[in-house]
Amino acid sequence: MSERFDAIVVGTGQAAPALCARLDSEGLKTALIERKLLGGTCVNVGCIPTKTLVASAHAVHMARRGAEYGFSVGKIEVDMHAVKGRKDSVVKQSSDGLADWIGGMKNVTLVRGHARFTRPAEISVDGRVLRGDRIFVNVGGRALVPDLPGIKDVPFLTNTTMMEVDSVPEQLLIVGGSYIGLEFAHMYRRFGSKVTVVEKAPKLLAREDDDVAAEIRAVLEREGIEIRTSAECMALKRKGGRIAIEMECQDGAPIAEGTHLLMAVGRRPNTDDLGLQNTKIQMDERGYIKVDDECRTTQEGVWALGDCNGRGAFTHTSYNDYEIVAANLFDGERRRISDRIQAYALFIDPPLGRAGMSEAEARKTGKKVLLGKMLMTRVGRAREAGETQGFMKVLVDADSQELLGAALLGLNGDEIVHSLLDMMYAKQPYTTIQRAVHIHPTVTELIPTLLGNLKPLS
Ligand SMILES: Cc1cc2nc3c(=O)[nH]c(=O)nc-3n(C[C@H](O)[C@H](O)[C@H](O)COP(=O)(O)OP(=O)(O)OC[C@H]3O[C@@H](n4cnc5c(N)ncnc54)[C@H](O)[C@@H]3O)c2cc1C
C-alpha cells in the first residue's frame with residue numbers, strides 16, 4: 001500500500017525547509033524525507049561549522065598579534081576540544097531551530113530514511129512507499145574521494161569527518177588547493193598545525209584570476225602554510241606512523257609527510273543511489289540532474305534544487321532555487337536560474353568576495369572592458385585595522401558602463417562585494433556608485449575612488 005501526498009521533498013538541504021514552509025502554507029500534504037541530519041551539508045558539515053571554526057582561528061591569530069596592537073595575553077594555547085564544543089553548540093542552535101520550524105508545519109510529515117525512486121512518481125523509504133503529485137529533489141552532494149594510488153592504504157579525513165577532530169593535528173596534509181581545502185588550511189595553521197597543501201594544477205583556485213590566486217597563495221605562505229602546486233602524479237603511502245604524499249613528477253621535494261590527511265578535491269552529487277534509472281530524469285556525465293531554467297527535470301512533475309542540479313554549489317544558490325520554484329509554481333512570477341549573478345566568497349583571512357565575471361571571463365566576452373585595481377595598503381580603514389593584505393579589483397563594460405565583475409580580496413571583502421553585486425542586479429551604471437557618498441572611514445568608501453580610476457584592459 002502506498003501513502004499519497006500532494007508533494008514529496010527529498011533531502012533537507014538549503015532549499016527544502018523554505019519550500020516545505022511554502023507547501024505547508026498552500027495547504028499541500030507534504031512528505032519531507034531525510035536520511036541523515038536535518039539541515040544537510042551547510043548546517044552540519046559545511047558553511048556554519050567551518051565559519052564558526054574560522055572565527056575561533058581568527059581570535060587565536062589576533063591574540064598572537066597582541067604585541068602589534070599593544071597588549072599581551074601570555075602563552076596562547078589552543079584547546080581544540082573547546083573549539084569543537086563552540087562549533088557544535090552553534091551548529092546545534094541552527095539544527096534545533098530547523099527542527100522546530102519543520103515540526104511546526106501542520107501539513108508536513110518528516111520521514112526518516114533513504115529515499116529511492118521506484119517509479120516516476122513513487123519513492124520508497126526503507127520499505128515505506130510514498131506517492132507524490134509533485135516531487136522536489138534537494139539531495140545535495142558529498143566529498144569526492146579521488147582514486148589516487150594508495151588511497152585505500154591510508155587513513156584520511158573529509159570535510160565531514162573533520163568536524164569530529166578535537167585535537168590539533170601535528171602536521172596536516174591537504175590534497176586540494178581550492179575553496180574548502182584552503183579554508184581548512186588557514187584555520188588549522190592558526191590552531192597550530194603545520195599545514196601542507198598539495199594541488200595538482202599549476203595554481204591554487206583554478207577558476208580565479210592569476211593575480212587573485214597568487215595573492216591568496218602569498219597570504220597563506222606568509223603564515224607558514226607550505227603550498228605545492230603542479231603535483232600531477234600523487235600517490236599515498238604509510239610511512240612509519242605517518243602519511244606520505246609522493247609527487248615524483250613535479251619540482252621541489254618529491255614527498256610531503258604528515259600526521260593527518262584531508263582530501264578536499266571537490267564534491268559529487270548524491271544522485272547515484274536515488275533510483276533515477278526508474279524515472280525519465282536525466283543526469284549529465286558527472287551525475288548532476290539536468291534541469292531547465294526553472295529547476296524542472298526531464299521527468300514531468302519532478303524538480304531538482306540545490307547542488308544536485310549542478311547550476312550552483314552554494315547555500316545561497318540552493319535557497320534561490322527554492323525562490324525560483326515557488327515563484328513559478330505559486331506566485332505566477334517567471335523567475336529563472338539564468339537571472340542569477342554568480343557570487344561567492346572564500347573565507348580565508350582576509351576573505352575574497354567575488355561577484356560576476358573574473359577578468360579572464362570578461363576578456364573572453366570580446367567586450368571593451370575597463371579595469372580598476374587598488375591595493376589594500378591604500379585603504380585607510382585597512383591600515384588602521386592592521387589588515388592591509390590583498391587588493392580590490394572591478395571590471396566594467398566600457399559601452400554600457402555596467403559592472404561586469406569584482407574580486408575584493410581584503411578586509412571585509414565578503415561583505416563589501418555586495419555593494420557592487422546590488423548595483424549589478426539593479427543594472428545601474430558604475431557612475432551611480434562612483435557618485436555616492438560613503439561613510440568615512442570604511443573600506444567601502446574607497447569603491448567610488450576605485451571606480452574613478454578605470455583603465456582599458458591591456
Ligand atoms: C566544508 C564546506 C564549506 C562550505 N562553505 C560554504 C559557504 O561558506 N557558503 C556557501 O554558500 N556554501 C558553502 N558550502 C556549500 C554548501 O554547504 C552547499 O552548497 C549547500 O549545503 C547546499 O546544498 P543543498 O541544498 O544542495 O543540499 P545539502 O545541504 O547537501 O543537503 C542535502 C540533504 O539531502 C540528504 N539526502 C541525500 N540523499 C538522500 C536520499 N536519497 N534520501 C534522503 N535524504 C537524502 C542529505 O542527507 C542532506 O541532508 C560549503 C560546503 C562544504 C562541504
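The following legends describe close-up views of a predicted model.

Residues are numbered from 1 along each chain as its sequence is written, and side-chain values rest on heavy atoms, with hydrogens and water left out. Because the model is predicted, local features need pLDDT of at least 70 and side-chain atom pairs count only at pLDDT 80 or more, whereas totals for chains, interfaces and linings use all residues.

**View 1. The shell of residues around the ligand.** The ligand is surrounded by 38 residues, a residue being counted as near if one of its heavy atoms lies within 4 Å. The closest are Gln 14, Glu 34, Thr 41, Asp 307 and Ser 318. By class, the shell holds 13 nonpolar, 19 polar and six charged residues; here Ala, Val, Leu, Ile, Met, Phe, Trp, Tyr, Cys and Pro count as nonpolar, Asp, Glu, Lys and Arg as charged, and the others, Gly among them, as polar.

View 2. The side chain of Glu 34 places an N or O atom 2.6 Å from an oxygen atom of the ligand. A nitrogen atom of the ligand lies 2.9 Å from a backbone N or O atom of Ala 115, and a polar backbone atom of Val 139 is 3.5 Å from a ligand oxygen atom. The protein buries 94% of the 1000 Å² that the ligand exposes when taken alone (Shrake-Rupley method, 1.4 Å probe; for residues, only the protein chains shown count as cover). Strand E2 (30-34) and helices H2 (40-44), H3 (47-64) and H8 (315-330) are the elements that each give two or more residues to the shell; helices (H or I, at least four residues) and strands (E, at least two) are DSSP runs, numbered from the N terminus.

View 3. Axes are lines fitted to C-alpha atoms, for helices over the stretch in contact, with angles from 0 to 180 degrees between N-to-C directions. The axes of H3 and H5 (residues 80-103) come within 9 Å and cross at roughly 140°, which makes H3 oblique to H5. Angles under 35 degrees count as roughly parallel, over 145 as roughly antiparallel, 65 to 115 as roughly perpendicular and the rest as oblique. The axes of H3 and H6 (residues 179-191) come within 8 Å and cross at roughly 40°, so H3 is oblique to H6 as well.

View 4. Asp 349 and Pro 350 are joined by a cis peptide bond with omega about 5°, and Pro 350 sits in the loop between strands E17 (343-346) and E18 (352-356). A cis peptide bond also joins His 440 and Pro 441, with omega about -5°; Pro 441 belongs to the loop between helices H12 (430-434) and H13 (447-451). Asp 126, although not a glycine, has a positive phi of about 45° and lies in the loop between strands E5 (122-125) and E6 (128-137).

Conventions: A polar contact is a pair of N or O atoms within 3.5 Å; within protein, one must be able to donate a hydrogen and the other to accept it, and residues adjacent in sequence count only if both atoms are side-chain atoms.
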